[in-house]
Amino acid sequence: GRYKLKYDGSVNVKWFGAVGDGVTDDTVAIQSAMDSSIKINIPSGIYTISSTLEINKTQTIHGDNRYATVIQTSGDFPILEYIGTGFNRLNIANLRLYYPTYDATKTNRIALKLSQGNQTTPAGSWCEQSTFSDIEINGAYYGIYNTSGAWDIKFSGILITNTKVGVYWCFGTTLNFTNVLVNGGETAFYIYNVLNVVLTSCSADKTTGKYINQFISVDSLNIIGWSSENVVLRSNGATYFDINNCSGVNLVGAYFIGLTWDGIGGSAYQTFIKVYNNSEGIKISNYMIPRKTDTHIYKNSPSQIAFITADTTTKGDTIVENCKFDNLTTTDGSTTSIYFIQQTYIKSYGNIYQGYNFATDRGFTQSAVTPSIGYVKKGTIVYNSSPTASGYVGWVCITDGKPGTWKPFGTIAA
């Protein structure tokens, strides 16, 4: 009789002729391995490819670790691309997807492409219940790209460097990012029309652009434990968190080091958090700008800077509590209007702003003078921290405005 070998373990790409020396073209060998099995192992090495590696079914692709297993190309095409026609599950881990240099003209450089559609026409098939972990991406135009209804997708331990856009994600349900760091480039996260998005312990470092993070038509957005270093907001209308037509947004716990507001180009109106276009159910708490005693700078005379704006297109009040927007200074003598809250559709509790402590949305704690900066609501009270005989107990704002109209109250006996 004849024996038939049964094997359900991982297939090693070197069995199919991959070399991994950084010179040999390993495209055919790796693709052949991927076509042959649902479990693929890519051992340590530098694998050069000349065309996209295509995933067309449920598949597990693992390297040894993201420092040792490198897939690289200088071509203008995706490195890994999902082209499946059904609804498949992917498990991809321990890889470095590498373009040696970033080139802004090469828009097809997508390290991990998970769909065939676009923002106007979403793909009709997608991956689901998929995990991506311990992956490093370098030099792509888009680091991670999806325009399909993918659902229950988890990313963890992802480092994305020197990309135009770190994560570009349109459509889907239940999207989780944990410990995802975007370093460099212009936009860290662009997320559109997704239900239930969670970002935990993520960060954007050394990004420079107009929209650092954009969230459009997202229902249930939770950003927890964010951090950021050396980010530059540049051009008119620049925002760090752009919240557009979103609902159920919860931003909790963040610190920022070395934030720069750059008004280059003239008349720059810049906002750290912008809430607008029917957004509702927004809460921001424990945001530290800057962390501890660090300072943030502004230069090239941005016309206005605000921590948060929520205009008449929002639904209901945005809640801001226990946040700090302090220690802003200029490096070139710029004259700039600085605000904590720019519009009236915000309730503020226990926030520190340029030396003032907002106890509630209508009450400071104490100060020796009335505010000269920021939007103040009618009814706000400042208690005098340096009372004197024949002086006043404090001041009350009688007209909404920037900084409002103030009158003293409570004459102290001589």
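Helices (H or I, at least four residues) and strands (E, at least two residues) are taken here as DSSP runs, numbered from the N terminus. The model is predicted: local features need pLDDT of at least 70, side-chain atom pairs count only at pLDDT 80 or more, and totals for chains, interfaces and linings use all residues. Residues are numbered from 1 along each chain as its sequence is written, and side-chain values use heavy atoms, with hydrogens and water left out.

Between strand 4 (45–48) and strand 5 (53–55) lies a loop that holds threonine 52. Threonine 52 is buried because its relative accessibility is 14%, where buried means under 20% relative accessible area, exposed over 50% and partly exposed in between (1.4 Å probe, protein chains only). Apart from neighbours within four places in sequence, threonine 52 is in contact (heavy atoms within 4.5 Å) with Gln31, Phe77, Pro78, Ile79 and Glu81. The side chain of threonine 52 reaches the backbone oxygen of proline 78 at 2.8 Å.

Two strands count as paired if DSSP finds at least two bridges between them. Strand 20 runs parallel to strand 23 (residues 232–234), and two bridges join them; in one of these strands, strand 23, valine 232 is the bridge partner of threonine 208.

Cysteine 170 is buried, at a relative accessible area of 0%, and cysteine 246 is buried at 1%. The whole structure has zero disulfides, a disulfide being a pair of cysteine sulfur atoms within 2.5 Å.

Note on methods:
A polar contact is a pair of N or O atoms within 3.5 Å; within protein, one must be able to donate a hydrogen and the other to accept it, and residues adjacent in sequence count only if both atoms are side-chain atoms.
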